[in-house]
Amino acid sequence: MKEDITMRKLMEQELIEARNRALRSDKLKEAFLQNLSHEIRTPLNAIVGFSELLSMDINQTKEQKDYTSIIMNSSNQLLSIVNDILTIAKIQTGQEVVVLKSTDINSVLDNLYKIFRSQVDIKRIGLNLRKGNKNPQFLILTDETKVTQILSNLINNAIKFTDKGMVEFGYSLNEKHIEFYVKDSGIGIPKEFQQIIFERFRQVESSLNRNFGGTGLGLSISKAFAEMLEGNIRVESEPSIGSVFYLTLPLKATIELTEKQTTSNNLITNESYIILVAEDEIYNFQLIEAYFYKSNYTIIHAHNGQEAIDLCTSELNIDMILMDIKMPYVDGITAMKEIRKQNIKIPIIAQTAYALETERQHLLEIGFSDYIAKPIKKEELIQKVIKLLQVK
């Protein structure tokens, strides 16, 4: 008996080709995201970093302080837009992952209150925080970064759309869920818009003469994150009265935190250290050098990965390396692997403008001691440096 399988073979071949095209498309998207992140974050690193240093100068005139503040605010606004676009792209390509860990919710909310306090003071509106658990520490198992970003988006929107009255945020508890809320007395949202605001690039205002800025991505990201955390987000609102956004998440079993190791951010120490900074962008090296100014840390410069390898095999007693990833001649990953062959224990922090989660995980898996994304924040860098030197 004979059977004509020509059509079936053609269909199988078409499916294979379609699968291969999809894989190539995903790889192209990932490469594009990596390059976009790198090319934007690299110059922003110097802009944000040096602006921060200028803002600390007590000898500035009022006019200089105002100009510096404008640069900082505009840079942070641009960085926020870039982060939102990259986050949406990561969600679309499945690169965004959930990292569950024991999280002190009361501490998260206290930090958010401190962050947004200055914004409400400028607008002369109130800011209240109400906690469903009155203990100093309240632990749940969740993704701290995603919960923080959702609440930050909601609080930022509440302040943006409120010109008088107040903004309040907090949470309540039942046996199975924790429900966060952000309440405002702002302009409110008409009923017909209460669902589309969670769509990408959608806002209540869509005309050219909009009164409020923004990309329209914050609520879309918040909704995606809520669903990744097995929860949901919803809104209740009336025009001219205000809005309440609710984030409901499962109340998962907590993990008791071990006693926290306290790490001081003070660079002043009795010991002197030599830190090698492998960085091909001179402005980014000068920024790190400025961060360690007036400390007993000696900062030396390698312009590429090969110079870093050569310096580590010299007679210099290097205590730590800050390694950029994308460099000419020899890249940071290759340099790290070569250096590890000679000195397996030396702390090496990857400093990179490739800020995707998959990149961070990859760098830690292949041998880097820690990771910091550009733009580099002074406090975060110093904390990581001191922590690794303490356990060296």
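Guide: The side chain of Asp-143 reaches the backbone nitrogen of Lys-146 at 3.1 Å. This is a predicted model.

Visitor: What makes the pair formed by the side chain of Asp-143 and the backbone nitrogen of Lys-146 a polar contact?

Guide: A polar contact needs N or O atoms within 3.5 Å. The value here is 3.1 Å, so the pair meets the distance cut-off. The side chain of Asp-143 also has a polar atom 3.2 Å from the backbone nitrogen of Thr-145.

Visitor: Why is Asp-143 called buried?

Guide: Its relative accessibility is 3%, and buried means under 20%. Asp-143 therefore counts as buried.

Visitor: Where does Asp-143 lie?

Guide: In the loop between strand E3 (139-142) and helix H4 (144-160). Neighbours within four places in sequence left aside, Asp-143 is in contact with Val-97, Val-98, Val-99, Leu-100 and Leu-229.

Visitor: Which residues touch the most other members of the largest nonpolar core?

Guide: Ile-105, Leu-112, Ile-178, Phe-180 and Phe-245, out of 40 residues. Helix H4 gives the largest share of this core, seven residues. A second, separate core has 23 residues, among them Ala-308 and Ile-318.

Visitor: How do you know that Leu-112 is in contact with Leu-151?

Guide: Contact means heavy atoms within 4.5 Å, so a listed pair meets that cut-off. Leaving aside neighbours within four places in sequence, the list for Leu-112 holds Thr-148, Leu-151, Ser-152, Ile-155 and Phe-169.

Key
Residues are numbered from 1 along each chain as its sequence is written. This is a predicted model: local features need pLDDT of at least 70, side-chain atom pairs count only at pLDDT 80 or more; totals for chains, interfaces and linings use all residues. Side-chain values use heavy atoms; hydrogens and water are left out. Helices (H or I, at least four residues) and strands (E, at least two) are DSSP runs, numbered from the N terminus. Buried means under 20% relative accessible area, exposed over 50%, partly exposed in between (1.4 Å probe, protein chains only). A polar contact is a pair of N or O atoms within 3.5 Å; within protein, one must be able to donate a hydrogen and the other to accept it, and residues adjacent in sequence count only if both atoms are side-chain atoms. A nonpolar core is a set of buried Ala, Val, Leu, Ile, Met, Phe, Trp, Tyr and Cys residues joined through side-chain atoms within 4.5 Å.
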